[in-house]
2 protein chains.
Amino acid sequence: MSLCTIGVDVGGTNIKLGLVTSSGRIIAKTNLITKSYIHHPHHLIDALVAAIRILIKDNSKRIEDIAGIGIGLPGLVDVVRGVVVFLPNIPGWRDVPLCVMMRQKLNIPVFLDNDVNLITLGEWRLGIGKGYANLVCITLGTGVGGGLVLNNALYRGEAFVAGEIGHLPLNERGPRCNCGGYGCFERAVGNHFLQKKAAGLFRKKHIRLEDVYVLARGGNRRAIQFWDEIGTHIGNALVGVVNLLNPRLIIIGGGVASNYRFMVQAIRRTIKVRAMKVQKEMVAIVQAKLGADAGILGAHILVKEAILGR
Amino acid sequence: MSLCTIGVDVGGTNIKLGLVTSSGRIIAKTNLITKSYIHHPHHLIDALVAAIRILIKDNSKRIEDIAGIGIGLPGLVDVVRGVVVFLPNIPGWRDVPLCVMMRQKLNIPVFLDNDVNLITLGEWRLGIGKGYANLVCITLGTGVGGGLVLNNALYRGEAFVAGEIGHLPLNERGPRCNCGGYGCFERAVGNHFLQKKAAGLFRKKHIRLEDVYVLARGGNRRAIQFWDEIGTHIGNALVGVVNLLNPRLIIIGGGVASNYRFMVQAIRRTIKVRAMKVQKEMVAIVQAKLGADAGILGAHILVKEAILGR
């Protein structure tokens, strides 16, 4: 495939678009602000189509030069039918046949998947997970997501909702979670809860996690302890994943993962203490490598494999 | 394949052997007592070889009529190399190249796997799981085991130890477990712990779980409550599995599962209350169907698929 692809990463705040060469190099990027287009799915679709047309034209490409468009979305996507079933954080998106709609407007094949699945796909094929058959990718942010590569394939589950590491129970009892359950892992390490926890710890009304990071870098004990505790929670959740799935690699990504260096020791320590012998001896905990580009690159891989196979 | 197979299910107490037709019907069975052969792996291997020869001869078959032998073992098995890496409950079994040793003696191809994987394979291809692409099988007994069928294939993990549902953490803190960790699911629902719990509840030095079953059948409130609590623990562990793997089916098997009818409501209730919407709406909780034959039939499928593919 000497053709390019276009990778789109739809987030609750930004929409990132990239023009990607067949070898997986991003040669141009552009951005949309999500909230400008939330009044109706059609607005967002029209904006995507316009941005894609400009991206193609500005880089002296033609429609025929684009093998396909891959789109990652923050919610439930029917990968086979090409339908966005539901986006919890973008109003109005219910059962939108995005594949067909975009293809009609652009005359380019379109492929969809969940955003975390595409980050996982990107890290697996082009990032830190290259060559591994069994890995787990976890994204730490406002929500805590997960993607699974098992037996050398992305595992999506029966209804495309597998990988919800954020909603592993951390304890048999615990605080209510947005998902409807309680005691979920996300309730201990999601951004909002970390901010609250930090505000309490440092007795400030508002403290940004970036500030706690800077404090930890400066050697502040309470800040270091803060990240260590988060790492322990993450480790406790990952013990279950390690024992159940026996992966070779666990990739830690997402915004909160910028504090990786202050959490990784606690994560590794907890797994070492709690997980089963064979499982823990072979699993490596690593930081994601592709950063903010992972979604675009995963979308590129999605297109490439859908058209060419592996 | 009009040839027969021989399925062997090695347990800590009994070893079951079955002669199975190509269509998956067991036409003859035999048994060995495990503890008679624990002095050295060679004793057990010789006993297996002798029992297999008798099984073939007594049923008027010849060596050439047997397509292969499948053996399930309670421990860590290297499926690819055909080596028993370690059996925690049968002394002396470390890195035994069982495949080669048996094949040399019998001149029949031999295939190995973990016992719970074979139970899962049996239930998936010949039992209650027939036709499902994504299912989880859990075996409740002295230990709590698990097998995973994902994307239409048995998932064994990076080192063949995936599926350890019994060692999902139930809480961030908890009692020490045999596995070296703590707070494991098995520590709440393994046979020994249930017996202790029942003894305390009914203020008897020894009470068998069968007795608690009979009491529950007779309407005894404490006994019914006992099984309901066990079901709740099982449900709490399965919430994580359901959210993470989005299976279509969860099969409950093993000895303790004979109390299925007194536990299933609590299991379903807990999943309904705690698991995520899409995941919980599609997952069915069912009882295993093949009973004590599941291991033999799974071993049969292992041979069949190794030789013929699917």
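Guide: Happy to. Let us begin with a pairing in chain A of this predicted model: strand S1 (residues 4-10) and strand S4 of chain A lie side by side in the parallel sense, joined over six bridges. To see one point along that pairing, find A:Val8, which stands opposite A:Ile71 in S4(A). S4(A) also has a partner in strand S8 (residues 110-114) of chain A; these two run parallel as well, with five bridges between them.

How enclosed is S4(A)? Strand S4 of chain A covers residues 66-73, and eight of its eight residues are buried, so the strand is largely enclosed by the rest of the structure. For the burial count, a residue needs 20 or more other C-beta atoms within 10 Å of its own.

Staying in chain A, turn to two helices. Helix H1 (residues 41-58) and helix H2 (residues 98-106) of chain A have axes that come within 11 Å and cross at roughly 40°. H1(A) and H2(A) are therefore oblique to each other, and their crossing is right-handed. On the H1(A) side the contact uses A:Ile45, A:Val49 and A:Ile52, while H2(A) brings A:Met101, A:Met102, A:Lys105 and A:Leu106. Sorted by class, that contact holds six nonpolar residues, no polar ones and one charged residue.

Now move across to chain B, where the sheet can be followed from edge to edge. Five strands make an open sheet there, in the order S3-S2-S1-S4-S8, with mixed pairing. Its edges are strand S3 (26-33) and strand S8 (110-114) of chain B, each of which pairs on one side only. On average, neighbouring strands in this sheet are turned by 15° against each other, direction ignored.

Helix H2 (residues 98-106) of chain B touches S4 and S8 of chain B, and its direction makes about 150° with that of S8(B). Helix H10 (residues 294-308) of chain B also packs on the sheet, touching S1, strand S2 (14-20), S3, S4 and S8 of chain B, with its direction at about 130° to that of S4(B).

Elsewhere in chain B, helix H6 (residues 209-217) and helix H7 (residues 221-245) have axes that come within 7 Å and cross at roughly 115°. The crossing of H6(B) and H7(B) is left-handed. From H6(B), B:Val212, B:Leu215 and B:Ala216 meet B:Ala223, B:Ile224, B:Phe226 and B:Trp227 of H7(B). The residues of this contact divide into seven nonpolar, no polar and no charged.

Last, let us bring the two chains together. Their contact takes 40 residues from chain A and 40 residues from chain B. On the chain A side, strand S11 (153-155), helix H7 (221-245) and helix H9 (277-282) each supply at least two residues. H7(A) gives the most to that side, with six residues. By class, the side of chain A that touches chain B has 21 nonpolar, 13 polar and six charged residues.

Note on methods: Residues numbered from 1 in each chain as written. Chains lettered and ligands numbered in written order. Predicted model: local features only at pLDDT ≥ 70, side-chain atom pairs only at ≥ 80, totals over all residues. Buried ≥ 20, exposed ≤ 12 C-beta atoms within 10 Å, placed from the backbone. Helix = DSSP H or I, 4+ residues; strand = E, 2+ residues; numbered from the N terminus. Pairing = 2+ DSSP bridges. Axes fitted to C-alpha atoms, helices over the stretch in contact; angles between N-to-C directions. Parallel < 35°, antiparallel > 145°, perpendicular 65-115°, else oblique. Left-handed = near helix turned anticlockwise from the far one by under 90°. Contact = placed C-beta atoms within 7 Å. Nonpolar A, V, L, I, M, F, W, Y, C, P; charged D, E, K, R; others polar.
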